[in-house]
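Take a walk through this protein, from its overall fold down to single residues. Keep the sequence and the structure in view as you read.

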Amino acid sequence: MRPGQVLSVCHGHCEGPLNVKLSSPLLAELRSFLPAYATLLGFSFFTPVLYLASPIYVEQIFDRVMYSRNTDTLFVLAGIATFLIAMYAVLEWIRKKALGRIGHAIDERLSRVIFQTANRSGKAGAAIRAPTALADFNQVREFLSGNSL
């Protein structure tokens, strides 16, 4: 096999390329939220750094203030730490609000479609599977709008 050559697993009965892009109405709707999630990624990048303000403040108190007994240094460090912790709280609040709004928008756009699709099928087992489909959707929505992201 030469470098760059693709191994085929079709054995001659496949039609079309292997790199077929899967499309789904649900995925198309979720792709519209990618810019919002990219912005939240920026917020999520800085919040762990700001979370370290408190331990760094304590370390600086022990390294600088305890030995020098300089109250000016203590006030400056306290002001910086207070500002950084306040910024952490504001960024975390903004992030939680944005995730809540995204979850609400996902619910508005997709819940009715999923409900109608699950209940419109004429098959005998569709009525039994409909609550499962809605529960699965709720799990995905809660993950996409939860604190784990």
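Helices here are DSSP runs of H or I with at least four residues, strands are runs of E with at least two, and both are numbered from the N terminus. On that basis, the protein has 5 helices and 0 strands. Read along the sequence, the pattern is α-α-α-α-α. The model is a predicted one. The protein has 149 residues, and 20% of them count as buried.

Start with the core. Which residues make up the largest nonpolar core? The set has 11 residues in all: Phe33, Tyr37, Leu40, Leu99, Ile102, Ala105, Ile106, Leu110, Ile114, Phe137 and Leu144. Helix 2, helix 4 and helix 5 are the elements that each give two or more residues to this core. Helix 5 covers residues 126–144. Helix 4 provides the largest share of the core, with 6 residues.

Next comes the largest pocket. Its volume is about 160 Å³. Which residues line the largest pocket? The lining consists of Val49, Leu50, Leu52, Ala53, Ile56, Tyr57, Gln60, Leu77, Ile80, Ala81 and Leu84. Three helices each supply at least two residues of this lining: helix 2 (34–51), helix 3 (53–68) and helix 4. Sorted by class, the lining has 10 nonpolar residues, 1 polar residue and no charged residues.

Now turn to charge. How many salt bridges does the structure hold? The count is 1. The partners are the side chains of Glu92 and Arg95, which meet at 2.9 Å, N to O. A salt bridge requires a side-chain nitrogen of Lys or Arg within 4 Å of a carboxyl oxygen of Asp or Glu, so a distance of 2.9 Å qualifies. The two side chains also make a polar contact, at 2.9 Å.

Where do the partners sit? Arg95 lies in helix 4, which spans residues 71–120. Glu92 and Arg95 are 3 residues apart in helix 4, so about one helical turn separates them. The cut-off for buried is under 20%.

Several other residues of helix 4 are worth a stop. Take them in sequence order. Leu74 is found in helix 4. Its relative accessibility is 28%, so Leu74 counts as partly exposed. The C-alpha atoms of Leu74 and Arg64 are separated by 8.4 Å, and the two residues are 10 apart along the chain.

Met87 is also placed in helix 4. Met87 counts as partly exposed because its relative accessibility is 32%. Met87 and Tyr51 are 36 residues apart in sequence, and 9.6 Å lies between them, C-alpha to C-alpha.

Then look at Ala98, again in helix 4. With a relative accessible area of 24%, Ala98 is partly exposed. Thr39 is 59 residues away from Ala98 along the chain, and their C-alpha atoms are 9.7 Å apart.

Ala118 is in helix 4 too. How does its accessibility class come out, buried or exposed? Ala118 is buried, because its relative accessible area is 16%. Its C-alpha atom is 8.3 Å from that of Pro131, which is 13 residues away along the chain.

One backbone detail remains. Arg69 lies in the loop between helix 3 and helix 4. Arg69 is not a glycine, although its phi is positive, at about 55 degrees. Its relative accessibility is 71%, so Arg69 counts as exposed. The cut-off for exposed is over 50%.

Methods
Residues are numbered from 1 along each chain as its sequence is written. This is a predicted model: local features need pLDDT of at least 70, side-chain atom pairs count only at pLDDT 80 or more; totals for chains, interfaces and linings use all residues. Side-chain values use heavy atoms; hydrogens and water are left out. A polar contact is a pair of N or O atoms within 3.5 Å; within protein, one must be able to donate a hydrogen and the other to accept it, and residues adjacent in sequence count only if both atoms are side-chain atoms. On a 1 Å grid over the protein atoms alone, a cavity is a set of points where a 1.4 Å probe fits but cannot get out, and a pocket is an open set with protein on both sides within 12 Å along at least five of seven lines; lining residues have an atom within 4 Å of a point. Grid points are joined across faces, edges and corners, and a volume is the space filled by probe spheres set on the points. Ala, Val, Leu, Ile, Met, Phe, Trp, Tyr, Cys and Pro count as nonpolar, Asp, Glu, Lys and Arg as charged, and the others, Gly among them, as polar. A nonpolar core is a set of buried Ala, Val, Leu, Ile, Met, Phe, Trp, Tyr and Cys residues joined through side-chain atoms within 4.5 Å. Buried means under 20% relative accessible area, exposed over 50%, partly exposed in between (1.4 Å probe, protein chains only).
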